[in-house]
Amino acid sequence: MPSENVFPPASAAASSILTRDDAVALLGQVNVRLFGGFQVERGGHVVTDAAWRRRKACVIAARLVLAGGAFVGRKELGEEVWPDKDYLHAREALYAGLTSLRAAFGQGADGPQYVLTQGEGVAVNTEYVVSDTMRFEILARDILLRRIGTCLLYTSPSPRDMRRS
């Protein structure tokens, strides 16, 4: 009687390990577009207007994305998004706006944390949230560093080298 292998082969076990990119895709990366108009995609699907319960949540999302993952103070956000409100009312509106933003991004208690808070600061988690503006900044820096690097690597010929030619 032939024996059956109860354990999967090692290659099958190795193929079930997810890479970081696979995990992000599986969990749902958020892609925010600001060039050409505001649009958000989560897991490859466009987040419709119905998902944005509060209109200012889009403004908050754009502001946090433009900060590139850096924390922005709640007071600063309140003053920028609701300049006509006093601090307490702006803070309450910001709380509601952040709740709406988290819902639109699909943030839950046990899933990826797209919006981070630390003390009085709020930021997008750039591990899960990317944007066209972030990609543009990375490309621009890369181009500038290559240009500067090329200039730093270039040395003018010495007077002795010039005499030989």
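Visitor: Which residues does tryptophan 52 touch, leaving out those up to four places away in sequence?
Guide: In this predicted model, tryptophan 52 touches Phe38, Val40, Val47, Ala57, Cys58, Ala61, Ser100, Leu101, Ala104 and Phe105.

Visitor: What makes tryptophan 52 buried or exposed?
Guide: Its relative accessible area is 10%. Buried means under 20%, so tryptophan 52 is buried.

Visitor: Which members of the largest nonpolar core touch the most other members?
Guide: Trp52, Ile60, Leu64, Leu101, Phe105 and Val129 do, in a core of 29 residues. Among the elements that each supply at least two residues of this core are strand E1 (30–33), helix H3 (56–66) and helix H5 (87–105). The largest share comes from H5, with 7 residues.

Visitor: How many aromatic pairs does a search of the whole structure find?
Guide: The search finds 5.

Visitor: Where do the two partners lie in the chain?
Guide: Phenylalanine 35 is in the loop between E1 and strand E2 (39–42), while phenylalanine 136 is in helix H6 (residues 132–153). They are 101 residues apart, and the pair links distant parts of the chain.

Visitor: What makes phenylalanine 136 count as buried or exposed?
Guide: Phenylalanine 136 has 52% relative accessibility. The cut-off for exposed is over 50%, so phenylalanine 136 counts as exposed.

Visitor: How do you know that phenylalanine 38 and tryptophan 52 form an aromatic pair?
Guide: Their rings lie 5.6 Å centre to centre, against the limit of 6.5 Å. The angle between the planes is 65 degrees, and this pair is edge-to-face. Ring pairs also link Phe38 and Trp52 with Phe105, Tyr114 and Tyr128 into a cluster.

Visitor: Why is phenylalanine 38 called partly exposed?
Guide: Its relative accessible area is 32%. Buried is under 20% and exposed is over 50%, so phenylalanine 38 falls in between and is partly exposed.

Visitor: What makes serine 131 buried?
Guide: Serine 131 has a relative accessible area of 0%; with the cut-off at under 20%, serine 131 is therefore buried. Serine 131 sits in strand E7 (residues 129–131), and its side chain makes a polar contact with the side chain of threonine 133 (2.8 Å).

Conventions. Residues are numbered from 1 along each chain as its sequence is written. This is a predicted model: local features need pLDDT of at least 70, side-chain atom pairs count only at pLDDT 80 or more; totals for chains, interfaces and linings use all residues. Side-chain values use heavy atoms; hydrogens and water are left out. A nonpolar core is a set of buried Ala, Val, Leu, Ile, Met, Phe, Trp, Tyr and Cys residues joined through side-chain atoms within 4.5 Å. Buried means under 20% relative accessible area, exposed over 50%, partly exposed in between (1.4 Å probe, protein chains only). Helices (H or I, at least four residues) and strands (E, at least two) are DSSP runs, numbered from the N terminus. Contact means heavy atoms within 4.5 Å. A polar contact is a pair of N or O atoms within 3.5 Å; within protein, one must be able to donate a hydrogen and the other to accept it, and residues adjacent in sequence count only if both atoms are side-chain atoms. Rings of Phe, Tyr and Trp (its six-membered ring) pair if their centres lie within 6.5 Å; planes under 30 degrees apart count as stacked, over 60 as edge-to-face and the rest as tilted.
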